[in-house]
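Here is a briefing on pockets, salt bridges and surface features. View the model first, then read the points by topic.

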Amino acid sequence: MTKLTHTLRAALRLSFAPGMLLLFGAAALALIQAGHSHFWLLGLLAAAALLSCLAERFAPYEPRWNRAQGDLGRDLLHALVNESGAMASVLLLPWLSAYAPFAELWPAQWPLWLQWLLAVLVADAGITLTHWASHHWAPLWRLHAVHHAVERFHGLNGLVKHPLHQLIETGAGTLPLLLIGLPAEVAALLAFAAGLQLLLQHSNVDMRIGPLRHVWAVAPVHRFHHRKWAGIGDVNFGLFTTFWDRLLGTAVFDPQARFGPGDFGIGTRPDYPQTYLAQLVEPFKPEPAAISGSALPDSR
């Protein structure tokens with residue numbers, strides 16, 4: 001490795017996560033403020049995924065995770081279906097807002113970026129608590145298990161989710177916002193922020209976030225959630241922040257920990273299906289896909 005390459009990799013490790021957030025967050029905000037279609041945000045998210053993929057090759061956390069294991073097509077399908085569904089749901093906002101009982105409470109006079117931040121913080125509470133419940137209540141775990149079936153980290157597998165579980169999480173995160181008149185443009189930005197955050201949570205870039213790990217739930221923090229252990233990921237449930245994990249007592253971070261092939265997945269279900277259609281069907285099979293996360297035996 002040349003000295004220049006070493007320097008560039010070190011710079012990328014430090015700048016990747018905050019740089020992605022600032023670059024693509026600013027671009028999304030500019031698109032919406034300019035009045036462009038919300039569906040342009042899908043193209044912007046695709047660009048973020050491509051840049052993340054390139055960064056994973058240049059400065060990987062685990063080089064072996066860059067090699068597809070017959071899962072790339074599945075992950076692309078999950079990403080396409082789930083993110084398209086999230087953006088399509090924004091089309092319902094004008095109709096839903098007509099029935100918002102407390103629409104006057106929405107701070108429409110705030111700058112758009114501040115409204116967006118408010119939406120992110122409110123949604124983080126509902127999504128995080130639903131995520132926690134998905135590890136403690138068997139019916140939700142059976143849907144959520146699709147996400148824990150991933151066995152390597154790369155940006156796209158943040159969107160490996162059962163569509164029904166995504167619908168439940170999204171509903172829990174957005175219902176309080178809908179009640180107070182969430183505008184369609186803020187909803188579109190919120191959906192984009194969730195997609196970008198999932199990308200950063202599961203990226204294979206060897207990112208270094210320093211003290212930000214205390215507040216920001218990106219890959220160095222989220223890897224602990226996917227580790228095979230008793231309870232399968234009964235820590236670090238936060239989507240955007242670690243705030244709710246700290247209140248729940250589920251925030252964990254060990255700077256000495258290192259993860260590699262074989263550390264992720266559902267230890268009690270090594271036979272869990274790995275194809276897209278099979279994963280859609282698995283939660284509804286008569287036999288239990290898995291018992292709730294908190295009751296799982298030690299799967300190491």
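Helices (H or I, at least four residues) and strands (E, at least two) are DSSP runs, numbered from the N terminus. This is a predicted model: local features need pLDDT of at least 70, side-chain atom pairs count only at pLDDT 80 or more, and totals for chains, interfaces and linings use all residues. Residues are numbered from 1 along each chain as its sequence is written, and side-chain values use heavy atoms, with hydrogens and water left out.

**Nonpolar surface patch**

- Patches are built from residues with over 30% relative accessible area and no salt bridge; like charges are joined within 9 Å, and nonpolar side chains (Val, Leu, Ile, Met, Phe, Trp, Tyr) within 5 Å.
- Accessible areas come from the Shrake-Rupley method with a 1.4 Å probe, and for residues only the protein chains shown count as cover.
- One nonpolar surface patch consists of Leu23, Leu50, Leu51 and Leu54, with about 390 Å² of accessible area together.
- Helix α2 (residues 40–58) gives the most to this patch, three residues.
- Leu51 sits in helix α2. Its class is partly exposed, because its relative accessibility is 37% (buried is under 20%, exposed over 50%, partly exposed in between; 1.4 Å probe, protein chains only).

**Pocket and cavity**

- The search uses a 1 Å grid over the protein atoms alone: a cavity is a set of points where a 1.4 Å probe fits but cannot get out, and a pocket is an open set with protein on both sides within 12 Å along at least five of seven lines. Lining residues have an atom within 4 Å of a point.
- Grid points are joined across faces, edges and corners, and a volume is the space filled by probe spheres set on the points.
- The largest pocket has a volume of about 640 Å³. It is lined by 30 residues, and Ala86, Ser89, Gln166, Thr170 and Thr174 are the closest to its centre.
- Helix α7 (163–179) is among the contributors to the pocket lining, and α7 gives the most, eight residues.
- The pocket lining has 19 nonpolar, eight polar and three charged residues (Ala, Val, Leu, Ile, Met, Phe, Trp, Tyr, Cys and Pro count as nonpolar, Asp, Glu, Lys and Arg as charged, the others, Gly among them, as polar).
- There is one cavity of 30 Å³ or more. The largest cavity holds about 100 Å³ of space.
- That cavity has 13 lining residues, with His131, Lys161, Glu169, Leu198 and Gln201 the closest to its centre.
- Helix α8 supplies the largest share of the cavity lining, three residues.

**Salt bridges**

- The structure holds ten salt bridges (a side-chain nitrogen of Lys or Arg within 4 Å of a carboxyl oxygen of Asp or Glu).
- Arg208 pairs with Asp206 at 2.7 Å, N to O. Arg208 is partly exposed at 44% relative accessibility, whereas Asp206 is buried at 9%.
- Arg269 pairs with Glu282 at 3.2 Å, N to O. Arg269 lies in the loop between α10 and α11 (276–281) and Glu282 in the segment after α11, so this bridge ties together parts 13 residues apart in sequence.
- Glu282 is buried, with a relative accessible area of 3%. Glu282 also bridges to Lys285, the closest N and O atoms being 3.4 Å apart.
- Shared partners join Arg269, Asp271, Glu282 and Lys285 into one salt-bridge network.

**Backbone**

- Most residues other than glycine have a negative phi.
- Asn236 is not a glycine, yet has a positive phi of about 50 degrees.
- Asn236 lies in the loop between α9 (219–226) and α10 (243–248), and is buried at 3% relative accessible area.
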